[in-house]
Amino acid sequence: MRIVKVPGLIGRSASPGVSATIWLLLLALLCFVSIAHETVLPAKFLLDEQVILERMLTVSRFEAFGDSFDNLAWTFRSLGISTPGISLIGFFASTVGLVLAIWRSGVTSLTYMEFLLACFWLFAQTVYIGMPSKEIVISLAVLLILQCKDSRFIVVVFTACVALIAIFFRTYWAITLAPALFLYFGPAVLRKPPFLALLAVILFACVAANFRMQYGETLDFARQMVNESRDPSEVGSLIVQIIPGGNMVSDVTNAMLILGTFLLPLPLVLSGVATQTMGGICTFFTLASMFSRYQKGGAVAAPARFEKLCFCFIVSFLATQAIFEPDYGSFLRHLSPISPLLMYLLLSSRLEREPEAPRVATIRGVRFHFGQPERRWLRSHDGQ
């Protein structure tokens, strides 16, 4: 079995045996955190768990476009899973998904930055998903998508997973699905940064117009409705309107500015909360490195199918979250279950950018150089 080597204390990377030991120790520690989350984690991380466990005692139905907590509670109760079992399912689904993403990206070793980002997302997943929460469903869907990444039906699998989440657990994912498929099937020019920004403006304008016609509300009414009952002193990173106005122009402008704070998460970094500061720093390096590598690697013009699908989904996901996220802590939480796709794209794009080292073969004193990517054969004699 191929072991993805971690950075060594001396030299570029540790040996396969040492690397495997580090991975096992790291996962064992996180597994303990997941099992003992009620005593290890602060109470604010357990709010969803309390709601779900309460509803498991009373919920009686599972329905499309119904209450997402009820649907999740009904699922857990129907399967007869207790709290420890739910925690282990969430932990293994998220952890196996991220480890599988690293392994299937094709890299043989991680740089220091990549290893630190992998550790951060493993920890974030354990905190947010290694307990009863809706993120468990998303982690299971991401795990299935990664398993099918080489299938010719990967787009069908992806669409079915996102549609099921939208119907039963997160309705606004329907907004995420449409632009993701549009970017995927559209021409390569749409995946260039200027056109991505333009498409985000168009998406925000269309959703804002729909909200005004359907509900008579502004674009961020869902966020305001959630935050009205919350104490700003208890939630240190509330997302609020940056530009007042309440018209279409201010709606779209605010959404674009909020999207910018996701890509450059200064509110998280400057929140004064150590965990959120670390989350903001790691989120920035993950997104910045991923987008930079994907764009510079020529993958936009001639992408691999799964890499292109990951890229289009992540762009669409970030734009949708700019409409609905109530606070930056929730943004970090909702980003955690899709972090395997982030890490896969980050690592696979790095691999595509690195040409293979020239291979040299010697036959009867003559050296033959096999270069990549042109695959030219250059013949040279020893001593010349």
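This report describes aromatic pairs, charges over rings and cysteines in a predicted model.

Local features are given where pLDDT is at least 70, side-chain atom pairs count only at pLDDT 80 or more, and totals for chains, interfaces and linings use all residues. Residues are numbered from 1 along each chain as its sequence is written, and side-chain values use heavy atoms, with hydrogens and water left out.

**Aromatic pairs**

A pair of aromatic rings is described by the distance of the centres and the angle of the planes. Here, rings of Phe, Tyr and Trp (its six-membered ring) pair if their centres lie within 6.5 Å; planes under 30 degrees apart count as stacked, over 60 as edge-to-face and the rest as tilted. The model has 22 aromatic pairs by this rule. In one of them, F158 and F313, the ring centres are 5.5 Å apart and the planes stand at 80°, so the pair is edge-to-face. F158 belongs to helix α8 (residues 154-168) and F313 to helix α15 (residues 305-324), so the pair links parts of the chain that are distant, 155 residues apart. Helices (H or I, at least four residues) are DSSP runs, numbered from the N terminus.

F313 also pairs with F317, and this pair is tilted, with 5.9 Å from centre to centre and 45° between the planes. The two residues are four apart in helix α15, which means that about one helical turn separates them.

Both F313 and F317 are buried; the term means under 20% relative accessible area, with exposed over 50% and partly exposed in between (1.4 Å probe, protein chains only). The relative accessible area of F313 is 4%, and F158 is buried as well, at 3%.

Elsewhere, Y172, F211, Y215, F221 and F324 make up one aromatic cluster.

**Charges over rings**

A charge sits over a ring if NZ of Lys or CZ of Arg is within 6 Å of the ring centre and within 35 degrees of the ring normal. Two cases are listed below.

| Charged residue | Ring | Distance to ring centre |
|---|---|---|
| K134 | F69 | 4.3 Å |
| K308 | Y184 | 4.4 Å |

**Cysteines**

A disulfide is a covalent bond between the sulfur atoms of two cysteines. It is counted here when a pair of cysteine sulfur atoms lies within 2.5 Å, and the count is zero. For C282, the closest cysteine sulfur is that of C119, at 9.7 Å, which is too far for a bond. C282 is buried, with a relative accessible area of 9%. For C310, the closest cysteine sulfur is in C312, 9.4 Å away and again too far for a bond. C310 is buried at 2% relative accessibility.
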